[in-house]
Each structure stands twice: as C-alpha cells, then as structure tokens.
2 protein chains.
Amino acid sequence: MATIKDIANRLGVSISTVSKGLNGASDISDELRQTVLDTAVEMGYSTKRSRKEENRKLCVFVENMNYDATDEFGYNVVLGFRQNAFRYHWNVDVLPITPAFQEENKYDTFLLKEGYSGAFLMGFTLRDAWMTSLQTSIMPTVLLDNFIANNPNVCYVGTDSFEGIHMAVRHLFSLGHKNIGFLNGPLYSKVSDDRQNAFESSMRSFNLPVTEASSAHSYYSPEAAKHHVSNFLANGITAIICGSDLIAKGVIEECQRQNYRVPEDISVVGFDDAPIATTFTPPLTTIRQEHNELGRCAYVSLSSLINHIPISKMLMRPKLIERSSTAFCNGTVKKKDVT
Amino acid sequence: MATIKDIANRLGVSISTVSKGLNGASDISDELRQTVLDTAVEMGYSTKRSRKEENRKLCVFVENMNYDATDEFGYNVVLGFRQNAFRYHWNVDVLPITPAFQEENKYDTFLLKEGYSGAFLMGFTLRDAWMTSLQTSIMPTVLLDNFIANNPNVCYVGTDSFEGIHMAVRHLFSLGHKNIGFLNGPLYSKVSDDRQNAFESSMRSFNLPVTEASSAHSYYSPEAAKHHVSNFLANGITAIICGSDLIAKGVIEECQRQNYRVPEDISVVGFDDAPIATTFTPPLTTIRQEHNELGRCAYVSLSSLINHIPISKMLMRPKLIERSSTAFCNGTVKKKDVT
C-alpha cells in the first residue's frame, strides 16, 4: 500500500501538504486537495478514516471488460469512480462477475448480504440475469451503457451515442465518403441499439444510402472484424465506423491483410479513444469518450440515487479525435498494387 | 435576513447545533447538517463566508415562468439549485429575463461582465436570442428542458419525457380509454418535441389511434384550453393528457363549462405535480416531476461543466400520481344532464 511519502514524492510536494490534502485542512487550495486525493486513490492509499468506516461500501461489478491495465478503457472508468467515492469516504470493491455467478446469487440479496449501499455495473448485456433483476431492484444501481425503464432506483450513465455516431458520419461525409459501413458492438445492448439508430438517422440526414449491407453487429474484440470487413469491401464501402477502438484495430489489420491501404483506400473510425488508439498503424481517428469522467459521473449518479434523487440518465459529450486512419475518399475502392 | 436563532427555532434545535451545521463541524450528522443548510437557504440566511466570497457567483435566468410563490413549479426548482450551490459556497443571483434584454446583451459578454462563472436557464424557448448564442457559448450553462447539440459547455436537465408520457397513456389505457388527446406545451421547445414523439410512439405501442386531431400545441396557461377542448370533444376523445398542470386546470374548467363531468365523462392528466394540482376540483391525476431535485441536478451539472466534465444530459424519473381526475372510460362521451 502506498504511503503519504510515496504520494508526496510522486507529486513533488511536502508530506505535510499531502497530509493536509488527505485530511481536508483549509489552508491548501481546492485544486491541490483534489490532486492529492486523486493521486492517493490511483496509488492505492487508504486513509485511517476510510479504513474505519467499513460499513460505507459501494461495489463495482465488471463483466466482459478488462480494467487491470492502464491502457484499457475500463481502467480509467473504474479509477474515476473510485476517486470520487474516496472523496466522500466510501470504500469501493471491484468484482469481476460471470453469468454463472449471477444465476447463483440474487442481485439485491448479494448486495444486502455483503453490506453494499449501491453498485455500479460495467460491461453487462441486457441478457444477463442481473439485468432482469434490476427491473424491480430496490438497490441504488448505476449502469454503464445500459438502461432499465421505469425503475427509479436504476440510472444509465454513458456517452451520447447519437452525437458520437453523427460526428463520425459527418467527418467521413466531409471527406467525400458516401458509401459508409458501421461495424457495431454486440446485440442485446442499449448502447448498440442507440448507435444503430444514430447511424441510420445520421446517414439519412446527409442523404447517404443505408442498406442491410451497411451495418453489422459484432463484439468488442479485434477478432470481430475478419468476416465483416470482406462483406463491407464486396459492397464497395470506402469507410468503416467501428463500435470500439478494439474492433477498429481488427478492421485496420484485416483491410491491410487483404491489401487495402488505410486510409488511402479505406478510412476507419473507432469509438472510445482508449489509450491504445494512438499505437495503431496508422494512429486511429476515433470518437472519444471521457473515461475517467464517466466513472466520476457514475459515482455522482449513484450518490444521488442513494440520496433518493431519481436520476434516470446522465450522458456525456463525445469528441471527434482526428488522427491518420481517415482521409479523402478516392472514389472507387481499389486494392493497392501488390509489389 | 434570517438569523441563526430563526433557523434554530424553525428546526427546534439549539443555536450551537445550527452554528455547527453552518460551519461544517464534524460532531453533527451529515443529515442534520444538510437540513440546517437547506433551511438556511430557504429562510434567506447567508453566512459570513459566502458574503466574503463575492467572486464565486452563479446566475439563474428565468423567462416565461413564475418562481416567487411557494406553490409555483419554478419556486422549488430555484430553491433546490440554491440549496446545493450554498453548500459549496456559491452566491446565486436569480434574474428574470425578457426577449428585449437578450437582444441588448450578448450572453457570454453579460456573464463575463457580471462575474458569473456559469448559469442555469429556466423557461427559455428555442427561439430566444440567447439560445442561438448558446450554440457557440464558452460559458458553462445548464438548460431546464432544452438541448443544444454539440456544445460541450451546455447541458440539458429535465424529466424523462418518454417515460412520463408513456405512464400517462398506460394509465388511461388501463382505465379503458382508447381515444386519447394530448394538449402539449408550446412549439419551439425541446421538451414539447420529445413529449410529442413520446405520445405518438406510446399510443402506437398500445395500438391506439393517432390522428391530426389527437394532439395540439398550446402554452403553459389555463387559458390555452378553451379552443382545443372543443376540438377534442368534437372528435370523441374521452381522456386528455396535458403538457402541464396549469393547462390541465384550464381543460377541467372548460370541460365543466361545457357540461362534461371530470372524470365521469372526460379523464384529465396533468404534468408537473405543482403544489396547486391538489387544489383542483377534482384533484388532478398528474405526472410528477421532482422540482427541488431538478434544481439540485442543475447545480450538479453546472458544477461538473465548470470542472470540465462535459455532461450533455441529466434526466430524472417521472412518477404517476393518481388522484381523482381520471376514471374508467364510459364508452361514448356524453354530456351530463343539465338540471
């Protein structure tokens, strides 16, 4: 576990400054206190006060998503949640969850038994057993990218899918692309449904064609691309919007394997702006989600639900990050000359 | 201005307890401190600390809406905003605004000149001059019931229109009503557009007819009802959903003036659950918005924008409040016998 000295060294401030930040003393600025607290969480420090308040507990449940390594989407979402929770003296457990575990443990019962006041769920699909429980759950619960109708104990936090996909379509349209494909995330997900609707309505708003061949569902992994990329290329698509950066990675690699150049022949746009997006060849143009802030908003929503403020949705603005995987449309797609 | 003693008397606690609540002492409970702070704001108390911090200022701009009297929708929204802002040592000015004022004063310039760090706008329509300015504004701004696309400095706070209208339609459907009318709020408003779409999709989800005669736009006043009620009745409508409780008041009175009984002949549902809704004859069945909490959420969003967390939307759950203005459908509408 990190010590006060570790935090002081990392920030280049004195031990007494760190101590003031951790204990809420009023003679340091709000900004510095925030930095001290955020760094303490990131380094795994826990105050005596938070160790004492063991019955103030929140849980983050994660499925289908990695969050251990700093370059993963989930890492910063979890970190943002923990940083905000720490400031208000909550202990946070992060538990990876399987479908089998959900079948064995009723959602509300598990939370009550373990003494959690509320939970934040990441990476679940609408088909998960716990998603059914959430329709009638009495436990304050925040979902990343999923929505439960009519239950005032459950809130949806995410990035505005409509604006995000519209930004991607508009960007490609401005580069002269007309035949645009969309490789969406998985079925049975609120966010996939929203993005699908957004893609179709955005394409229509630019008078661009939407056919059955324009889009497909896949899953959040580079391996998802192989089959679909061939279909897109066979249909003359010159640009592909992807449901995540990982999908985009697979799309770029599959295009290149088939001797199409990115971006000269095919433009590719991701979604997330995960840290890995800059490491692709070429670096990925993508729709940024504010990961750390998503986690912070999840905490704010959960805290509101616990205080009986029935927040239903909290959405954040996406942002187009232009890198090198998109370029002006060449007209007809042609394979690069194989030398 | 209220004194500490006034607050102590109102709450039935000692002066030292109030003092501890106001000064953040740690030996009273979080809950009691919150009650002390909320009551202080409601009674118009300001601490020395907030008087000193004169350069931490937020503004609430109000148009087309009353907020002075405790029985008005706007009153509790403004109060909730001020209560949350007070806790974080912000001074809040509440300014009623006219279209002429907006023409004379550029939005960003006015805020900068007056030293406001951000603003909360209530009651504006999409046709207001400042709404155009907000498309490119750099000032953190939260809108009640209106949405500006693509500007990460502006956030929309409101109640989930889709769920609210769907609750009203489902309630009337469960009472046997099939021919349902919707007297919406004004044109050029995000929330009116959303509710219109919600009404049409909800009616279709119950296989109920939607025609041109099923709905109309009006304005948030009892006077809006007269003309439209006659049209609805002429089209055999047996239940009317209204865009606000004030509209519903006019609808009930106009039905009664034309010798239709509410709810025996015509069921009426309001929207808001303003304090007056209980005083109607009969008391109004309505879709509740959490007024105070809307104001609190507006503060949370504004504070997030000021801290560069680009929240786009924050929506709250509505709630069906069943009173006496709705009843089982009689079949064909018939006027009551005039005695």
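The model is predicted: local features need pLDDT of at least 70, side-chain atom pairs count only at pLDDT 80 or more, and totals for chains, interfaces and linings use all residues. Residues are numbered from 1 along each chain as its sequence is written, chains are lettered from A and ligands numbered from 1 in the order in which they are written, and side-chain values use heavy atoms, with hydrogens and water left out.

Start with the second largest pocket. A pocket is an open set of points on a 1 Å grid over the protein atoms alone, where a 1.4 Å probe fits, with protein on both sides within 12 Å along at least five of seven lines. Its volume is about 890 Å³. That volume is the space filled by probe spheres set on the points, which are joined across faces, edges and corners. The lining has 32 residues, and Lys190(A), Asp194(A), Lys313(A), Lys190(B) and Lys313(B) lie nearest the centre. Lining residues have an atom within 4 Å of a point. Two or more residues come from each of α9 (161-174), α10 (190-205) and β11 (311-316) of chain A, and from each of α9 (161-174), α10 (190-205) and β11 (311-316) of chain B. Helices (H or I, at least four residues) and strands (E, at least two) are DSSP runs, numbered from the N terminus. The lining divides into 12 nonpolar, 10 polar and 10 charged residues. Here Ala, Val, Leu, Ile, Met, Phe, Trp, Tyr, Cys and Pro count as nonpolar, Asp, Glu, Lys and Arg as charged, and the others, Gly among them, as polar.

Turn now to the largest nonpolar core. Such a core is a set of buried Ala, Val, Leu, Ile, Met, Phe, Trp, Tyr and Cys residues joined through side-chain atoms within 4.5 Å. Buried means under 20% relative accessible area, exposed over 50%, and partly exposed in between (1.4 Å probe, protein chains only). The core has 56 residues, and Phe81(A), Phe120(A), Phe81(B) and Phe120(B) have the most contacts inside it. Beyond four places in sequence, Phe120(B) touches residues including Phe61(B), Phe81(B), Leu144(B) and Leu302(B). Contact means heavy atoms within 4.5 Å.

Two serines of chain B come next. Ser215(B) sits in strand β7 (residues 215-217). It counts as buried because its relative accessibility is 18%. Its side chain joins that of Gln196(B) in a polar contact of 2.8 Å. A polar contact is a pair of N or O atoms within 3.5 Å; within protein, one must be able to donate a hydrogen and the other to accept it, and residues adjacent in sequence count only if both atoms are side-chain atoms. Ser244(B) lies in the loop between β8 (239-242) and α12 (245-257). With 4% relative accessibility, Ser244(B) is also buried. Its side chain reaches the backbone nitrogen of Leu246(B) at 3.3 Å.

Last, the backbone. Most residues other than glycine have a negative phi, and most peptide bonds are trans. Val262(A) and Pro263(A) are joined by a cis peptide bond, with omega about 10°. The bond from Thr281(B) to Pro282(B) is cis too, with omega near -5°. Asn64(A) has a positive phi, near 55°. At 59% relative accessibility, Asn64(A) counts as exposed. Asp145(B) has a positive phi near 65°. Asp145(B) counts as buried, at 13% relative accessibility.
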